[in-house]
Amino acid sequence: MVTPKEFFRALDNVAPLDASNAHDARLYVPNLHGDTDVIDQLQAEIDYQTGQGVYLFTGLSGTGKSTELLRLKAKLEQDNETRYKVFYTDLEDWLNLQQPVELGSFLLALVASWIENTGSLAGQRSPAERLRDFLTKTKVDLTNIDFTLDFGLVKTQLKTALSQDPTVVAQVEDAIRKNKTNFIQQVHELIAELATALIGPPAAKETKVVLLVDSLEKIWSAGPKADDVYTSVLTLFQNDYALKLPLVHVVYSISFLVLEQNKQLATKFGNTKPVSLPSVHVCQHHSNTLDPVGMGRMQELLTKRFAQWPQFFTDAQIEEIVQKTGGDLRDFLRALRSALLTDRNKKTLQISDAAVQAALNDLSPSLTIPSEHVEWLVRVDNSHQAELGEAITASVLDRYLASKHVLAYRNGGTWYALHPLIRDEIKAMYQRIKDRQVAARQSAV
């Protein structure tokens, strides 16, 4: 007999699927995000491109972006015509993504993760020595880091410094401010040195080195620095020369909205076709109506994770959870796990409708919203456009996308909608605001 514990553990909603792992590969749902496989597009451009390249990959948090990047890694490594050496790095491990991101700190994190990925190469300096020499050449003196230690410990110290110590970040930025050209040159020389060692001598097959840089789309802040954080990302990607890595094909995952606001960014980097991973199309275009195709794909995802799910949930309950989570994979799985933790019928294992509703309520975005934003949110939901203006900037929209008050869809072009769990409440708030305004005008007469 199946148990709730088994079901709960099968619904891991944190770790991305790794396509190189046989168990994870069986859980993957093809065409979950639509009929076009965006990873095939990325793979094709990397294959066609010679020398080096920069590729932009966007996707909202919760859409399965990290899973798709790991699938790209697996597909490239299985290629029979080209030898690929592929590395994946998650910059969330290195940077504080709720603070403005600066070029110096970003490049140092990139270099450190690159050194970690490549590890010890025969006849080369140790990883710790390479990092120490890089910092010496760029005149960054991190006295709190002990480079005589194993690189794993050095890595931990540097991660802590870059993510938590503002004095270290200031020191790095001061170094690049004083001599930006030298700093970038040292970054490129180190990356080229390791890429050359990885490529090795000419062989029958062409060798390509690929670096997948994840989590940059998570850079955001809901606090007083929100505009600064958003602007810092835009500024970072103006440094196209610095972010083009010699002898390396690098895929940057960036904010969906950064690319939406700057359609020429891909051209600036020489990227032919940027790739955007949409939310699962659980709603029909410009509509709150459930899309049966998207619904079917979400149900397939659930069945692959745990085929015995009907012992716990009815079809109607699953449909409600799919619709109310709006195509967000992580929230869909989280809602199911939350419901499994509640009381249930011990004989039948069936989850009650009340438990499903309680689980959805736990996922609902906060309704603590400035009144001046309420009317704008209603306009967005009515028109399905960004509705930006002088007071509502792109950074405001980016913040509401990150907090999931607003969801973005790509079927039939980019369009926006309020999160289904708060749509009615936001519209009720708007009506109350309008009623108060009318009452205030009447009392003033």
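This is a predicted model: local features need pLDDT of at least 70, side-chain atom pairs count only at pLDDT 80 or more; totals for chains, interfaces and linings use all residues.

Biologist: With which residue does Glu 300 form a salt bridge?

Modeller: A salt bridge is a side-chain nitrogen of Lys or Arg within 4 Å of a carboxyl oxygen of Asp or Glu. Here the partner of Glu 300 is Lys 304, with 3.8 Å between the closest N and O atoms. Lys 304 is partly exposed, at 33% relative accessibility.

Biologist: Why can Lys 304 and Glu 300 be said to lie about one helical turn apart?

Modeller: Helices (H or I, at least four residues) and strands (E, at least two) are DSSP runs, numbered from the N terminus. Lys 304 and Glu 300 are separated by about one helical turn because they are four residues apart in helix H14 (residues 292-305). Helix H8 (residues 166-178) holds another pair four residues apart, Lys 178 and Asp 174. Their side chains meet in a salt bridge at 3.1 Å, N to O. Lys 178 is exposed at 67%, whereas Asp 174 is partly exposed at 27%.

Biologist: How many salt bridges does the structure hold?

Modeller: There are 18. One of them joins Glu 387 to Arg 379, with the closest N and O atoms 3.7 Å apart. Glu 387 has a relative accessible area of 28%, and Arg 379 one of 34%. Elsewhere, salt bridges with shared partners link Asp 37, Glu 68 and Arg 71 into one network.

Biologist: Turning to the strands, in what order do they stand in the open sheet?

Modeller: Strands of a sheet pair through backbone hydrogen bonds, either parallel or antiparallel. Two strands count as paired if DSSP finds at least two bridges between them. In this model, five strands follow the order E2-E3-E4-E1-E5 with parallel pairing. Strand E2 (82-90) and strand E5 (275-277) are the edges, each pairing on one side only. Neighbouring strands are turned by 20° against each other on average, direction ignored.

Biologist: Which helices pack on the sheet?

Modeller: Contact means heavy atoms within 4.5 Å. Axes are lines fitted to C-alpha atoms, for helices over the stretch in contact, and angles run from 0 to 180 degrees between N-to-C directions. Helix H4 (residues 65-77) touches E1, E2, strand E3 (206-214), E4 and E5, and its direction makes about 160° with that of E2. Helix H9 (residues 180-199) touches E2, E3 and E4, its direction making about 135° with that of E3.

Biologist: How many residues of E4 are buried?

Modeller: In a regular strand the side chains alternate between the two faces of the sheet. Seven of the seven residues of E4 are buried. Val 248, Val 250, Tyr 252 and Ile 254 are on one side, with His 249, Val 251 and Ser 253 on the other.

Biologist: How many bridges join E4 to strand E1?

Modeller: Six bridges join E4 (residues 248-254) to E1 (residues 53-59). Among the pairs, Val 54 has Val 250 as its bridge partner, and Leu 56 stands opposite Tyr 252. E3 is joined to E4 by five bridges, and there Leu 212 is partnered by Val 251.

Technical notes:
Residues are numbered from 1 along each chain as its sequence is written. Side-chain values use heavy atoms; hydrogens and water are left out. Buried means under 20% relative accessible area, exposed over 50%, partly exposed in between (1.4 Å probe, protein chains only).
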